[in-house]
Amino acid sequence: MDTDSSEFVKNELEGKLTIRLNPGKTLDEFCEKHFDNYNSDQFEAVAIRVYYGKETVVTLYALDKVRQEGTNYNINKIPVKKFKTSTFGLTELLMFVQEFNFTISTRNFPLEDMEVINK
């Protein structure tokens, strides 16, 4: 377990986030409401990125179920359409969320290498 202190960034944490949607709410419903031209018949949401800072920007990456064949992308990658919006705030996003759980770290030590000793 080697650590390089030069890699430590004091002002940045990273990690993993899990979100459970409210009962009766779906990711497709959220996407159709907030992203122009998103249609669940044609697209399947595969990832969402949220940037919160000077502005809130939500980016959706969606698989195009109709356009799977083509020559202008890497055949070893999943071709996705990128939808981007900054027309709503975090409050509207959180209306779809029942709960969320996340762990963030300083990146000094991998989370999987930690062992809780005060059980």
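Thr59 is located in strand β3; strands (E, at least two residues) and helices (H or I, at least four residues) are DSSP runs, numbered from the N terminus. The structure is a predicted model, in which local features need pLDDT of at least 70, side-chain atom pairs count only at pLDDT 80 or more, and totals for chains, interfaces and linings use all residues. Residues are numbered from 1 along each chain as its sequence is written, and side-chain values use heavy atoms, with hydrogens and water left out.

With a relative accessible area of 5%, Thr59 is buried (buried means under 20% relative accessible area, exposed over 50%, and partly exposed in between, with a 1.4 Å probe and protein chains only). Contact means heavy atoms within 4.5 Å. When neighbours within four places in sequence are left aside, Thr59 contacts Ala47, Ile48, Arg49, Lys82, Phe83 and Lys84.

Tyr73 is placed in the loop between β3 (56-64) and β4 (80-85). This residue counts as partly exposed because its relative accessibility is 24%. Residues up to four places away in sequence not counted, Tyr73 touches Gln68 and Pro79.

In the chain there are two helices and five strands, arranged along the sequence in the pattern β-α-β-β-β-α-β. Of the 119 residues in the chain, 20% are buried. Among contacts between residues at least 6 apart in sequence, 57% join residues at least 24 apart. The accessible surface of the chain is about 9,800 Å², and carbon and sulfur atoms account for 48% of this area; accessible areas come from the Shrake-Rupley method with a 1.4 Å probe, and for residues only the protein chains shown count as cover.
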